[in-house]
Amino acid sequence: MQTKVKNKMKELIPVLSEKEKQEIFAYYSVYEKYVYEISEKGTKELKEHPVFGKLISGIPKEIAAERSKFSRELQKDAIINNNWLPYIEYQTVQGVTYAKMGLDFKAWYEVVVLAKNHIVPYLHKEYGNGMELVSSLTGMNRFMDIAMGIIGEAYLQEKEEIIIEDTKKIKALNDELEQTVKEITDYKYALDESSIIAITDQKGIIKNVNNNFCTISKYSREELIGQDHRIINSGYHSKEFIRNIWTTIANGKIWQGELKNKAKDGTIYWVDTTIVPFLDSEHKPFQYIAIRSDITERKNTELKIKKLHEELEQKVNDRTADLERNILQLNEFKHFFNNSNDFSCIANKEGYFEILNPIFEKVLGYSRNELTENPFLDFVHPDDIDSTLREYEKLKSGALVINFVNRYRKNDGSYLYFDWNATPNPATGKLYCIARDITARKAAEDQLLSVNKELEAFSYSVSHDLRAPLRAVNGYAQMLNEDFGTKLDEEGKRIIENISYNAAKMGTLIDDLLTFSRLGRKDVQKSLIDMNELTEGVLIEMDKADSHSAKINIGKLHTVQADYGLLNQVMFNLISNAVKYSSKKKEPVVEIFSEEKNGEIIFSVKDNGAGFNMKYYDKLFGVFQRLHSQEEFEGTGVGLAIVQRIIAKHEGRIWAEGKVNEGATFNFAIK
Amino acid sequence: MDHEIEILLVEDNMSDAEMTLRALKKNHLANKILHLKDGAEALDFIFGEGDYADRKNAQSPKVILLDLKMPKVNGIQVLERLKSDERTKKIPVVMLTSSKEDPDIQECYRLGVNSYVVKPVQFEKFVKAVSEVGLYWMMLNQPPN
């Protein structure tokens, strides 16, 4: 019981006059007399009362009777003995109980009125209609007022307590609610600020969007509301993908994923999306909230990484393909290497072979180990070691070796001539060498050399030995003339002259032939030649040998790069030919001139002499070929052959034009 | 061989030898001439060896006319021997030869020949050449003492 109520109990003790006490007693004595009947009727009525019926139905009969008896005793003590406090205490408990039960005070008052109505017939019966009845009724009302006052006071007190308590509770709840609302508002604000939010109805029509949605989609709120999400569809996702979203959320499940959207201006953006369906009481979605965050940058980075990845993969693939091609190529090279008839090898700077192709073993007859475990100089001919070392040093210093020839010893002791081409790799110090077996060629060359030597010896013999008998023929013919000339007639002398003439002629032939054959062996040694100076020299030389009457005109001649001695011979032969073949003309004229044409310098010697028939042009430059008889013009038929050979040695061209009796022009061109 | 030899002709070709002697004779130089037929005999004669051992300290000839191409010991070998020996290197040696070959001429000069004359095929020219050579070395040239 509340302390406040307890303190108030004493104040509730009624102050009664004697008259009031007698009146209450008049009522009580009747009540006590008929108490069982009255309470039986009262209990029956209570059971039927809509509020109290429920309250008392759960209380067992014995306990209810006990309580009733206890209550009557306290009542009797208060009225008869004027001991009110225990009764007040009991009644207060009753009031507080009713208040706590939430009973309506009015309902309880109704019960008291019921109780009065039950008692009144018994008062009538006892007191009749006189003054005693009035007095007992006044007593009954007075007592009922006291009892009601006590319960009412306790009820009110308790009710007040409860209201205070409830107000406190409501306030606390209100505070809590306020706090929650504030938190939710904060969350909403934070969400609104951080996310892109759209709310749609169950059909997907946009009902609301936040500012972020407008910013990223570049549509205004007005443009968006009433539309569905197709307005920002980029067309990137498949129909099946979109269908899956709808299936998920229409079934009340949350969908989460990444979407590619298109803004009003066509720009593309990526959003991480969570769609939350809001369900009605039948668990059907009535709206959806889509919460998105902009992941365009991340997505772009991802795409970039993906692209880089793909590029990398492509590169790896390319590289692999390259590698495979290279391996294929390498295998082909290897095939070349292994099957080449050239000797290919890689040597190191320490003087050993490292890699050799199989032909080394096959041809030289050594095992691979023998070839790689011994310095390669061990296989070189002793006479070639110095030159080989020189080339080897050259290679090591980074220079190329081209067509260096040395000899390699075979397993059987014989030697092969190798013609080497080699290139160094300065980075690794490795030497890449290819040799060709030129033993056969070398033999042929040696043979050619010996043939040449023989030819030289032959020429020498011709020069030396053929002249001697000629000299003898000539000499004895002369001696015959000197010693026995007086005894010979004219015919005898003519015969001796013919012997001498022919011997001399043969001498010239031999000389020309030797000159011609020597040309084959002679090297061209070029220098810059002043052709005017050379030609003047030739004319002086010619004047010494024979006299002539030709008028020789020399133009301004070009300088030329050529062999002086050989070109001197050319000019001598051409000019002396021109002089010879024009010697029978009345006014023989020889013209010498030159011109530069198409990068060549063309020299020409022109005469107005006998000329020649172009029909026989092919015989003009042949050895011992002549277009005129000895009677017409003397000659051996070697001069032009010599000229042609010299020009050929200079890699030039020679040609001639002529017409019988109208002269000839001989031209040669040198670059 | 008692009289002093002034001209030594070394020549294996008898025709050439005859013509040479004839040319020299015309110039009255033939009486002090000796003709030997090969290089070996010539060396024996000059160094007083073999058949010529008695000529050990005899006077050297004033000039040697030497053919190039000879059997046994050829002209170049004779020349080399003469020019490499202190006793004989001062003797004038004239090559009289048919060879116009450049290497022969080069080699002879390298070995120290005093003159190199190519024998002309024509008889007149030959006679003229031999006469001039003979006269030059016999009359004009002043040998060292």
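How many helices and strands are there in chain B?

1. Chain B holds five helices and five strands, these being DSSP runs (H or I of at least four residues for helices, E of at least two for strands) numbered from the N terminus. Along the sequence of chain B they follow the pattern β-α-β-α-β-α-β-α-β-α.

2. This is a predicted model, in which local features need pLDDT of at least 70 and side-chain atom pairs count only at pLDDT 80 or more, while totals for chains, interfaces and linings use all residues. Residues are numbered from 1 along each chain as its sequence is written, chains are lettered from A and ligands numbered from 1 in the order in which they are written, and side-chain values use heavy atoms, with hydrogens and water left out.

3. Of the 145 residues of chain B, 54% count as buried, a term that stands for under 20% relative accessible area (1.4 Å probe, protein chains only).

4. The contact between the chains (heavy atoms within 4.5 Å) draws 21 residues from chain A and 23 residues from chain B.

5. Across the interface of chain A and chain B there are four salt bridges, each a side-chain nitrogen of Lys or Arg within 4 Å of a carboxyl oxygen of Asp or Glu. B:Lys26 forms a salt bridge with A:Glu482, and their closest N and O atoms are 3.0 Å apart.

6. On the side of chain A that touches chain B, helix H16 (439-484) and helix H17 (490-521) each supply at least two residues, and the largest share, 16 residues, comes from H16(A).

Technical notes. Buried < 20%, exposed > 50% of the residue type's maximum accessible area, 1.4 Å probe, protein only.
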